[in-house]
Amino acid sequence: MSEPLGPGGPGMSAASAFAGMRRVSPIVFKAGCPDCRGRFELAASALRLAIGATSRTTFYSFTCPECGSAVRKPAGERVVELLTGGGVRTLRLHSTV
Ligand SMILES: [Zn+2]
């Protein structure tokens, strides 16, 4: 009863989905709130990334959609890459020390 697959079946769509990860599908980031312990997915526009002089002053922040509290979490190199690659607004903090 199943319809025959045309040229480029599941394998093709998987490849194109992977190639299109950049822009085609909206990117969401999984986040958790330490306050209400809610877990949710946030769009890139809901997150902000602040890059400081050191990794200790580099963090990302967002407002919890469940309880509304401002959440701030440290961002490692990997997270920074993910967030910037996902189109998250990045703020560079300048230190004069
Ligand atoms: Zn919360």
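## Overall architecture

Helices (H or I, at least four residues) and strands (E, at least two) are DSSP runs, numbered from the N terminus. In these terms, the protein has two helices and six strands, and from the N terminus on its elements run α-β-β-β-β-β-α-β.

The structure is a predicted model, in which local features need pLDDT of at least 70 and side-chain atom pairs count only at pLDDT 80 or more, while totals for chains, interfaces and linings use all residues. Residues are numbered from 1 along each chain as its sequence is written, and side-chain values use heavy atoms, with hydrogens and water left out.

Two strands pair if DSSP finds at least two bridges between them. Strand β1 (residues 28-32) is joined to β2 by five bridges, and the two strands run antiparallel. Within this pairing, F29 stands opposite L42 in β2. The hairpin of β1 and β2 has six residues between the strands, and R37 takes a positive phi near 65 degrees there.

## The zinc site

Donors are N, O and S atoms within 2.8 Å of the metal (3.2 Å for Na, K and Ca); water is not among the atoms, so sites may look incomplete. For the zinc ion, the protein donors are the SG atoms of C33, C36, C64 and C67, lying 2.3 Å from it. Along the chain these donors follow the spacing C-x2-C-x27-C-x2-C.

Four donors count as tetrahedral if all angles lie between 85 and 135 degrees. The arrangement around the zinc ion is tetrahedral because its four donor atoms subtend angles of 105 to 116 degrees. Ideal angles for four tetrahedral donors are 109.5 degrees.

## Burial and the nonpolar core

A residue is buried under 20% relative accessible area, exposed over 50% and partly exposed in between (1.4 Å probe, protein chains only). Of the 97 residues of the protein, 27% count as buried.

A nonpolar core is a set of buried Ala, Val, Leu, Ile, Met, Phe, Trp, Tyr and Cys residues joined through side-chain atoms within 4.5 Å. The largest such core has 17 residues, of which F40, L47, L49, Y60, F62, L83 and V88 touch the most other members. At least two residues of this core come from each of β1, β2, β3 (47-51), β4 and α2 (77-85). Strand β3 supplies the largest share, three residues. In soluble globular proteins, nonpolar side chains tend to be buried together.

## Aromatic contacts

Rings of Phe, Tyr and Trp (its six-membered ring) pair if their centres lie within 6.5 Å; planes under 30 degrees apart count as stacked, over 60 as edge-to-face and the rest as tilted. The structure holds two aromatic pairs. F40 and F62 form an edge-to-face pair, 5.9 Å centre to centre with 75 degrees between the planes. This pair links distant parts of the chain, with F40 in strand β2 (residues 39-43) and F62 in strand β4 (residues 59-63), 22 residues apart. Y60 and F62 form a stacked pair, 6.3 Å centre to centre with 20 degrees between the planes.

F40 is buried, with a relative accessible area of 10%; F62 is buried at 4%, and Y60 is buried at 15%.

Definitions and conventions: Tetrahedral: all angles 85-135°; square planar, octahedral: opposite > 155°, others 65-115°.
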